[in-house]
Amino acid sequence: MSPQPDPESPDQHLAVEVAVFSPLPGSFTYLWPKSLGKPLKGVRVQVPFGKGSRFGLVLEITAVPDDMAPDYKPVADRLDAVPLLDAARLAWLERVGRYYLASPGELWSTALGWALQDDLRRFRCGDPAKLSDDPLLLALFPTRAAVTLKTVLKRAAAAGYKTAVRHLLSLAVKDGLVEEVKAEPFHPCSEESLSRELTATTGQQRAIDALTGKPDIFNPCLLFGRTGSGKTEVYLKAAESVVANGGQVLVLVPEIGLTPMWLARLTSRFPRVATWHSALTGAERLRIRQHLDSTDVLIGTRSALFLPLPKLKMIVVDEEHDASFKQQEGMTYSARDMALLLAQELDIPVVLGSATPSLESWRQVKAGNYKRLDLPDRIAKHASVRSETVDMRGVDAPVSDALLAALNETKEAGDQSILFLNRRGYAPALQCTACGDVPECPGCSIRLTLHRRAGQLRCHTCGFRRRVPKTCESCGEDALMPLGEGMEKLEEWLNEHLPELRFERFDRDVITSHSRLENTLSLFESGELDCLIGTQMLVKGHDFPNVTLVGVVNADLGVSLPDFRAGERWWQQMTQVTGRAGRSEKRGRVIIQTRMPEAGWLSRISEDEAIATLDEELSLREMLHYPPYARWVRLVFSSNKIERATEVASQFARHCEKFDGINITGPMPCPMERVAGKFRIEVLLRDASRKLLPWKLQPLLSGMQPPRDVRIRVDVDPQDM
Ligand code: ADP
Ligand code: ZN
């Protein structure tokens, strides 16, 4: 046992365990020089590493016997006087890291990496500690945003520093520096009628009371209500109560695209609303961090979770079922699940909202772990929506005559339309264009994935494989084609066949910035566009009162993913798509194009069917031992050399064989076998008991000396199978 560290003792050598911000496993020990003051858990440091230096986070403080002290290199510098995160958040992240099997470096660079970039810029701009005593600067820059100091100082020096205050000020103002230092990150209040006080319905009031009644305990709730049932109003009213009591609210949304809609409503009630997403500049991020204390509501995507709001008293996860909450790069994590853990750590309410909840949350509701709050009715009177299916078997064009005619009729009536094209079908499946059949795994009722190089169809759940058939086994036609039409092709086709309609695309390839997003949305709202063609980005949450027609260009794309969640996802999306049509008094129309008109899911595209659909799918999952009843972990081994990736994957799979109760599939090539020149091999581990995974893998992974030429990515609760 090492002696207890005593930072007060003058002659004690102290060492620190540092999570170096890199994907390397494990942490590293460094000596703590006394010149850096008292070491603290959670402060960031700069340490010598290899031939250069790296940044990292202090995880532990230990005492070092005198004779061992020379063995360690000393910490080079310290970045924070106090830890960036409070103790509760440090504990939360440690728990998260254990669950997602992340290395310390991966975990902490995910949680704090963004802050590092911003702060380094700030440090490079001069030594704020030395400047802090300068009375002139103090007077000029009470908040001392050091980003701007360097520029200001340079100019001040040129202009005769200390005597040229006026000149300095005018320069700073001219450059917008003084403005920038003072500017708050909050959105201007909206004067819109949205701020009018709505009286909550009985259902809404019940939900609000459930959320605000017990503010100081972990209280997970599922707010379950169809589109337009008043969920947002519930969040807002609950948030008002939280803020009135001195608390702060975090709202997580799956996509930035949702924030304009939210912002309009938030800013009509809260003076200090800040937005957080990956497209912010370093300066914008810094400003938000500087004003965290005074923020009422922070709305953002996944990474907003990592901002340490000091008085956080409620978390809202809107559209909780959305797959975008899953982070796929760096440490893979589910922001929804992390939000639940954070709420638990902080003892605060957390509300997950959806019209089409995830089966994970539905199971928790059924098990009595989450409270279900229902909003069964639409607030406003809506005309009914007429839904029809168009059989595309044997049709060559991407748009049927029926949909074409409907687009024209809608335009003539002065209304607008939306065309939805799901592009998640990147893992190629085959479909017979003549009869619509998609080859399935005989054992798993999951679509088989096309592996072109091997000329095979494979199942990514059980490993089943077969040769690619020459003709369709269902109808015998030579009409097997990879599923899917591109967005570009569709746009081209539409512009050619409907030249009098004004189309605009709405997907990640064209909506590349926040201003593009707002621009396109406002063009559409003002009626300058007739139709938006978009991916799921378009159908989430936006409220377009003039849209009376929604066309689903290819309904088979989503349902034909080689993923046991395909049905669930497809249903969620389709239900949301249909929710876009007829949100006003006008009668809405939905046209769904499919080559599989008999598919069972088609009859369930309605919010009325939600409970039946969820119950049925959940019992199916239970029967098949699929998540959320089982826990799955997928490991992806990637390398320039396919043999090396396979070798390491096989080694790993062999190690796993010693665990009773863990079922192993693979190693086998990933659905996307090559990405950026690297070969990717996967191993899928399944634990029907949910008791072994992911924890059993921890010692295995940390004990494994990872080879330099193979990268291992661990995905707990994988989403895109
Ligand atoms: P959801 O988030 O479930 O889609 P919203 O909260 O956006 O539902 O409510 C749908 C519409 O009904 C909005 O225009 C909202 O302003 C209005 N609304 C919500 N609650 C009430 C209420 N209690 N009284 C009147 N209008 C309401
Ligand atoms: Zn299978």
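## Contacts and overall make-up

Two residues are in contact if their C-beta atoms, placed from the backbone, lie within 7 Å. In this predicted model, residues 24 or more positions apart account for 75% of the protein's contacts with a separation of 6 or more.

The protein has 721 residues, of which 44% count as buried. Its secondary structure comprises 22 helices and 29 strands.

## Domains

The protein is divided into domain 1 (12-116), domain 2 (119-181), domain 3 (202-375), domain 4 (386-426 + 484-616) and domain 5 (631-716).

The centres of domain 1 and domain 5, taken over C-alpha atoms, are separated by 28 Å. Between these two domains, six residues of domain 1 are in contact with eight residues of domain 5. On the side of domain 1 that touches domain 5, four residues are nonpolar, one is polar and one is charged.

In soluble globular proteins, nonpolar side chains tend to be buried together. In this model, the largest nonpolar core contains 117 residues, and V18, L223, V251, L252, I315 and A339 touch the most other members. Helix α12 (residues 335-346) contributes the largest share of this core, with eight residues. A second, separate core of 35 residues includes L403, L419, W571 and V577.

## The surroundings of L252

L252 is one of the residues that touch the most other members of the largest core. Leaving aside neighbours within four places in sequence, L252 is in contact with G300, A304, L305, I315, V316, V317, D318, A335 and A339.

Notes. Residues are numbered from 1 along each chain as its sequence is written. Chains are lettered from A and ligands numbered from 1 in the order in which they are written. This is a predicted model: local features need pLDDT of at least 70, side-chain atom pairs count only at pLDDT 80 or more; totals for chains, interfaces and linings use all residues. A nonpolar core is a set of buried Ala, Val, Leu, Ile, Met, Phe, Trp, Tyr and Cys residues joined through C-beta atoms within 7 Å. A residue is buried if 20 or more other C-beta atoms lie within 10 Å of its own, exposed if 12 or fewer, and partly exposed in between; C-beta atoms are placed from the backbone. Helices (H or I, at least four residues) and strands (E, at least two) are DSSP runs, numbered from the N terminus. Domain bounds come from an automatic or database domain assignment. Ala, Val, Leu, Ile, Met, Phe, Trp, Tyr, Cys and Pro count as nonpolar, Asp, Glu, Lys and Arg as charged, and the others, Gly among them, as polar.
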